[in-house]
Each structure stands twice: as structure tokens, then as C-alpha cells.
Amino acid sequence: MGVALLIIVIVAATGRVLTKNQSKRRNRIVWGILVMIVLNPFVSWLIGICFAIFAGEGFAGMGVMVILFIAMFFIGACILVSGLLTKVDI
């Protein structure tokens, strides 16, 4: 679990560095990609494992992982699409 937390913190810090002093459009595009591709698997795995340990049932944890994975993917996709559809300031 420690490795997943470390990866989440590193990715969040990297996203913050990549989007510092950038336009709102680039900010949304970068965070949408980071949420969909990098943060999503680790966050859903971490929450699913914690839930499985708490509930004492592995299948419940797997169900939570799948639901979170899909939900976070759509959240990241919405962030990415909102960034792509934001008008460019010239």
C-alpha cells in the first residue's frame, strides 16, 4: 500500500508542477490525462484493498475497485473533454 500512496503523491506533485502558471485549458488537459491514466488505477486499487480488508470479503473489494475505476475514468474523461473544448485565448 505504501508504494501506491507514494506513486499517488508523486503524480499529484508532477501534475502540480506541469500545470503551474499554465492556462486553464492546459491545466484541465493535463489533469484529465493524469486522472484517467495514472491516478485512477492506484486510487481505485488502494480504496478497494482497504474496503476488502475492512469488509473481510475480497469480492466486495474487487467490486469497489471496478466501480471506482470506471467512475474515475469518466471523471478524468470529462475533465479532459472540458479542457479540449475550452476556447484558446489568443
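I began with the contacts between two helices. Ala4, Leu5, Ile7, Ile8, Val11, Ala12, Gly15, Arg16, Leu18 and Thr19 in H1 meet a set of residues in H2. On the H2 side I listed Arg26, Asn27, Val30, Trp31, Leu34, Val38, Leu39, Phe42, Val43, Trp45 and Leu46. I note that this is a predicted model.

Next I looked up confidence. The chain has an average pLDDT of 92. I found that 99% of the residues score at least 70. Confidence is lowest in helix H1, residues 2-19, with a mean of 91. It is highest in helix H3, residues 58-85, at 95.

Then I went back to the helix pair. How do H1 and H2 run relative to each other? Helix H2 covers residues 24-55. H1 and H2 pack at an angle of about 175°, and their axes lie 10 Å apart. Angles over 145 degrees count as roughly antiparallel, so H1 and H2 are roughly antiparallel to each other.

Thr19 sits in helix H1. Is Thr19 buried or exposed? Its relative accessibility is 7%, so Thr19 counts as buried. Leaving out residues up to four places away in sequence, I see Thr19 touch Asn27, Val30 and Trp31.

Gly32 belongs to helix H2. Gly32 is buried, with a relative accessible area of 0%. Which residues does Gly32 touch, not counting residues up to four places away in sequence? I found Gly76, Ile79 and Leu80. I also checked Gly32 against Val17, 15 residues apart along the chain. Their C-alpha atoms are separated by 15 Å.

Aromatic rings came next. I count one aromatic pair. Phe73 and Phe74 form it, and the pair is edge-to-face. The rings are 6.4 Å apart, centre to centre, with 75° between the planes. Phe73 is partly exposed, at a relative accessible area of 37%. Phe74 is exposed, at 52%.

Last, the cysteines. How many disulfides does the structure hold? I found zero. A disulfide is a covalent bond between the sulfur atoms of two cysteines. Cys50 is partly exposed, with a relative accessible area of 36%. Cys78 counts as exposed, at 54% relative accessibility.

How values were computed: Residues numbered from 1 in each chain as written. Predicted model: local features only at pLDDT ≥ 70, side-chain atom pairs only at ≥ 80, totals over all residues. Heavy atoms only, no water. Phe/Tyr/Trp six-rings, centres within 6.5 Å; stacked < 30°, edge-to-face > 60°. Buried < 20%, exposed > 50% of the residue type's maximum accessible area, 1.4 Å probe, protein only. Disulfide = S-S within 2.5 Å. pLDDT = per-residue confidence, 0-100. Helix = DSSP H or I, 4+ residues; strand = E, 2+ residues; numbered from the N terminus. Axes fitted to C-alpha atoms, helices over the stretch in contact; angles between N-to-C directions. Parallel < 35°, antiparallel > 145°, perpendicular 65-115°, else oblique. Contact = heavy atoms within 4.5 Å.
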